Amino acid sequence: MALPWLFEFWALPHQLPPEGAWKSWVIMGGRGAGKTRAGAEWVRAQVEGARPLDPGRARRVALVGETIDQVREVMIFGASGIMACSPPDRMPVWEASRKRLLWPNGAVAEVYSAFSPEALRGPQFDAAWADELAKWSKAEEAWDMLQFALRLGEHPQQVVTTTPKNVPVLKAILQNPSTVVTQAPTEANKAYLAASFIEEVRARYAGTRIGRQELDGVLLEDTEGALWTTAMIEASRAPVPKAFSRVVVAVDPPVTGHEGSDECGIVVVGALTEGPPSDWRAWVLEDASLSAASPDAWARAAVAAMGRHGADRLVAEVNQGGALVESVVRQVDATVPYRAVHAARGKAARAEPVAALYEQGRVHHARGLGVLEDQMCRMTVRGFDGKGSPDRVDALVWALTELIVEPAAKWRRPQVRSL
């Protein structure tokens, strides 16, 4: 009879609190990944004792959501809320006039809205649950007030359940040494979700940045001053034509091919170049990049990508590999149409004209380019704000330079006739 209420038996790995003396536990997951249930069960674990009237680890709990209504309807009375998770002999009572839950053992959970951070000035707690923090309109103020209020007991703790979004307060919490994180995609909880829901959202959003955020629970960051933003990339989604004027595979090969070396950027782009340059459009079709690839491995991957897409040319940067790059490619396919390109300017300078094409709505993305798009959103006018080298972005830039930037410049260049 007790088994349905023993959450440790039924919980998924990301729904159980990590070990250690952490201060904040952040549960990031896709829609329907079981974040609310995990938060509600954690509150139960804090306030309940071994028997109904025994005290638990926490006596005063703060429940903080975007609004009072959302706390009540989701965190308390929702299908995965505290009331639904509580066994009959430990069921708390909702005191609507005082906006609080009262357990049989005397533990109390008080409700607060992130819209009113000042309401958290004065009360004190030994535990807290913050839900969907990434969408709070006054997130930083409410979070700060909650930290000052969390001062009771030997080791006050808090759990944050949220779909990840690129907001400063969430990033600051994640960077705190006293924070632990568990993460899961929507599919992790598929046993409790309608199959049609998963099929529909995956069909619509799989392979997009919004899908990675809302379904995979991945925190996507737009660096300040980035040449590309999430909004810009999402606006670039468009159906892929059946045929192109030209298709190229661009390669940014690493200097070495051992573990720890840079990635080999391999990106496939097709373009329609009928009419004047202002009418030209391009589609990024595939990111076939490899990690820690030997020269033979990346050359074979690049030639295979050409075959899959019927590419007209392979473009490779040779600043660091020189003639060896072409030699490696020729060993795989001696007849491949090949062009070597040299980087005379920095990465950011080369990327700016390509980013301008995105701003003009002239470059579109197929799905499944998430890692490339993450690199794009960390590329700024000052350089790459990330780990390692942006090899995927480099390959993208070379492909679009080959297909649109350079041909458009030649188109506009006035013809000089000799007399």
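Helices in this account are DSSP runs of H or I covering at least four residues, strands are DSSP runs of E covering at least two, and both are numbered from the N terminus. The structure is a predicted model. On this basis, helix α10 spans residues 295-309 and is followed by glycine 310, whose phi is positive, near 60°.

Helix α10 contains 15 residues, and the distance from its first C-alpha to its last is 21 Å, close to the 21 Å expected at 1.5 Å a residue. Its buried residues are Trp298, Ala299, Ala301, Ala302, Val303, Ala305 and Met306. The axes of α10 and α11 come within 9 Å and cross at roughly 65°, and the crossing is right-handed. On the α10 side, the contact is made by Pro295, Asp296, Trp298, Ala299, Arg300 and Val303, while α11 contributes Val325, Val328, Val329 and Val332.

Elsewhere in the chain, eight strands form an open sheet with mixed pairing, in the order β3-β4-β5-β2-β6-β7-β1-β8. Strands β3 (93-95) and β8 (179-184) each have a single partner strand and therefore stand at the edges, with one side of each left without a neighbour in the sheet. Neighbouring strands are turned by 20° against each other on average, when direction is ignored.

Strand β7 (residues 157-162) lies between β6 and β1 in this order. Residues count as buried when their relative accessible area is under 20%. By that criterion 6 of the 6 residues of β7 are buried, so the strand is largely enclosed by the rest of the structure. In a regular strand the side chains alternate between the two faces of the sheet. In β7 both faces are covered, with Gln157, Val159 and Thr161 buried on one side and Gln158, Val160 and Thr162 buried on the other.

The pairing of β7 is parallel with both of these neighbours. Strand β1 (residues 24-29) pairs with β7 in the parallel sense over 5 bridges. Within this pairing, serine 24 has glutamine 158 of β7 as its bridge partner, and tryptophan 25 stands opposite valine 159. On the other flank, 5 bridges join β7 to strand β6 (residues 127-131), and these two strands also run parallel. Here aspartate 131 stands opposite threonine 161. The chain passes from β6 through helix α5 (residues 139-149) to β7, and this β-α-β crossover is right-handed.

Helix α2 (residues 35-47) lies across β1, β2 (60-65), β6 and β7, and runs at about 165° to β7. Helix α5 packs on the sheet by touching β1, β2, β6 and β7, and its direction makes about 155° with that of β7.

Positive phi values also occur in residues other than glycine. Glutamate 132 has a positive phi of about 50° and is situated in the loop between β6 and α5. With a relative accessible area of 21%, glutamate 132 is partly exposed. Lysine 99 has a phi near 50° and lies in the loop between β3 and β4 (100-102). The relative accessible area of lysine 99 is 38%, so this residue is likewise classed as partly exposed.

Two further positions were examined towards the end of the numbered elements. Glutamine 375 is located in helix α13 (residues 370-376) and counts as buried because its relative accessibility is 9%. Beyond residues up to four places away in sequence, glutamine 375 touches Glu263, Phe384, Ser389, Pro390, Asp391, Arg392 and Val393. Aspartate 385 occupies the loop between β16 (383-384) and α14 (391-412) and, at 37% relative accessibility, counts as partly exposed. When neighbours within four places in sequence are left aside, aspartate 385 is in contact with Thr223 and Arg378. Aspartate 385 and tyrosine 112 are 273 residues apart in sequence, with a C-alpha to C-alpha distance of 37 Å.

Notes:
Residues numbered from 1 in each chain as written. Predicted model: local features only at pLDDT ≥ 70, side-chain atom pairs only at ≥ 80, totals over all residues. Heavy atoms only, no water. Buried < 20%, exposed > 50% of the residue type's maximum accessible area, 1.4 Å probe, protein only. Contact = heavy atoms within 4.5 Å. Pairing = 2+ DSSP bridges. Right-handed = clockwise from strand over helix to strand, strands pointing away. Expected span 1.5 Å × (residues − 1). Axes fitted to C-alpha atoms, helices over the stretch in contact; angles between N-to-C directions. Left-handed = near helix turned anticlockwise from the far one by under 90°.
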